[in-house]
Amino acid sequence: MIDQHGGNIDVARARHGGDGWIDLSTGINRRAYPIPPIPAEAWTMLPTAAAKAGLGQAAAQAYATTAAIVALPGAQAAIQLLPHLRPRGIARLLGPTYQDYGRVLRAAGWRVEQVADPAALVGADLALVVNPNNPDGRHHDPADLLALVGQVGLLVVDESFADAVPHLSLAPQAGRDGLLVLRSFGKFYGLAGVRLGFALGAAPLIEHLSALAGPWPVSGAAIAIGCVALADAAWTAATIARLAQEAPRLDALAIGAGWSVVGGTALFRLYHTPDAAAAQERLARHAIWSRRFGYSAHWLRLGLPGDRAEWARLAAAVTD
């Protein structure tokens with residue numbers, strides 16, 4: 001059985017036993033943002049309107065946008081609510097891509113079609129593009145995506161892996177009618193457990209999404225951490241620079257193991273292997289967990305290791 005999501009380290013432990021696993025099955029930055037001090041009231045009080053507004057302002061500055069913003073418990077929460085933003089109809093997904101979009105939309109009664117070319121999205125009631133794409137890193141010029149607005153009912157652009165490539169982001173244009181941009185916080189900042197993400201769009205659309213999400217969709221602690229991290233431009237710049245150096249390093253290890261590069265982003269890489277199941281097992285013998293895909297017997301995805309010890313263990317595992 002191929003598991004639907006990465007991050008399922010409990011499956012790795014159940015299959016192979018042991019502790020001390022390095023989870024490279026996700027695209028979560030393993031060198032996380034240092035958690036700042038969290039005020040006591042973040043735990044003892046409901047988040048105030050002022051606190052929520054402060055988080056929105058921090059996100060707007062970080063994403064260079066004047067669009068309306070709603071904070072959500074991860075980009076995944078936006079995916080779950082997406083089917084309820086428009087009357088049911090035809091949803092077209094540019095794929096292959098993150099499979100939960102199709103699963104959630106189908107469960108809500110949408111007719112879902114996967115297409116391979118952006119031009120084939122035209123005419124859909126809802127069109128979904130992940131930019132850069134998960135799992136192959138395929139990316140699209142923002143101007144080309146913006147041209148689809150008005151040719152589809154609602155264009156949703158998932159930018160969960162765009163933090164390291166801000167030139168690809170449509171966030172500055174997200175206030176346009178018919179466009180919804182999704183951002184993840186946990187991946188780039190390495191704090192997936194905070195459960196924080198954002199949706200950016202025109203005010204009526206974001207008000208609708210906010211009403212669906214409820215009055216307190218994110219915790220006070222998430223607000224406190226998000227405000228500090230999103231404002232830390234120096235950490236962001238240093239992390240982008242580091243990832244740009246380390247992604248080719250991971251590719252070199254994979255090529256040395258006889259794998260070829262399919263694509264990827266600054267946070268994960270996708271490889272074509274002779275046998276993805278065998279490759280996953282090889283890594284698992286060293287307590288390293290990777291990501292396989294049900295629609296390919298050859299694709300294996302790896303996130304970037306964190307510290308020197310993780311890099312050394314991975315280097316030993318790929319040559320085992």
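This is a predicted model: local features need pLDDT of at least 70, side-chain atom pairs count only at pLDDT 80 or more; totals for chains, interfaces and linings use all residues.

Trainee: OK, so is Arg285 buried or exposed?

Mentor: Arg285 has 58% relative accessibility, and the cut-off for exposed is over 50%, so Arg285 counts as exposed.

Trainee: And which residue does Arg285 form a salt bridge with?

Mentor: Asp320, with 3.5 Å between the closest N and O atoms. The two sit in distant parts of the chain, 35 residues apart: Arg285 is in the loop between helix H10 (276–284) and strand E11 (288–289), while Asp320 is in the segment after helix H11 (308–318). Asp320 is partly exposed, at a relative accessible area of 47%.

Trainee: How many salt bridges does the structure hold?

Mentor: There are 10 salt bridges. Another one is Arg111 with Glu113, where the closest N and O atoms are 2.7 Å apart. Arg111 counts as exposed, with 51% relative accessibility.

Trainee: What does Arg31 form a salt bridge with?

Mentor: With Glu246, and the closest N and O atoms there are 3.5 Å apart. Arg31 lies in the loop between strand E1 (22–23) and helix H2 (41–44), and Glu246 is in helix H9 (residues 233–256), so this pair ties together parts that are 215 residues apart in sequence.

Trainee: Is Glu246 buried or exposed?

Mentor: Glu246 is buried, with a relative accessible area of 9%.

Trainee: Which residues are linked with Glu246 in a network of salt bridges?

Mentor: Arg31 and Arg242; together with Glu246 they make up the network.

Trainee: Switching to packing. At roughly what angle do the axes of H9 and H11 cross?

Mentor: Roughly 25°, and the axes come within 10 Å. That crossing makes H9 roughly parallel to H11; the cut-off for that label is an angle under 35 degrees.

Trainee: Which residues in H9 meet H11?

Mentor: From H9 you have Glu246, Arg249, Leu250 and Leu253, and they meet Trp311, Leu314, Ala315 and Val318 in H11.

Note on methods: Residues are numbered from 1 along each chain as its sequence is written. Side-chain values use heavy atoms; hydrogens and water are left out. A salt bridge is a side-chain nitrogen of Lys or Arg within 4 Å of a carboxyl oxygen of Asp or Glu. Helices (H or I, at least four residues) and strands (E, at least two) are DSSP runs, numbered from the N terminus. Buried means under 20% relative accessible area, exposed over 50%, partly exposed in between (1.4 Å probe, protein chains only). Axes are lines fitted to C-alpha atoms, for helices over the stretch in contact, and angles run from 0 to 180 degrees between N-to-C directions. Angles under 35 degrees count as roughly parallel, over 145 as roughly antiparallel, 65 to 115 as roughly perpendicular and the rest as oblique. Contact means heavy atoms within 4.5 Å.
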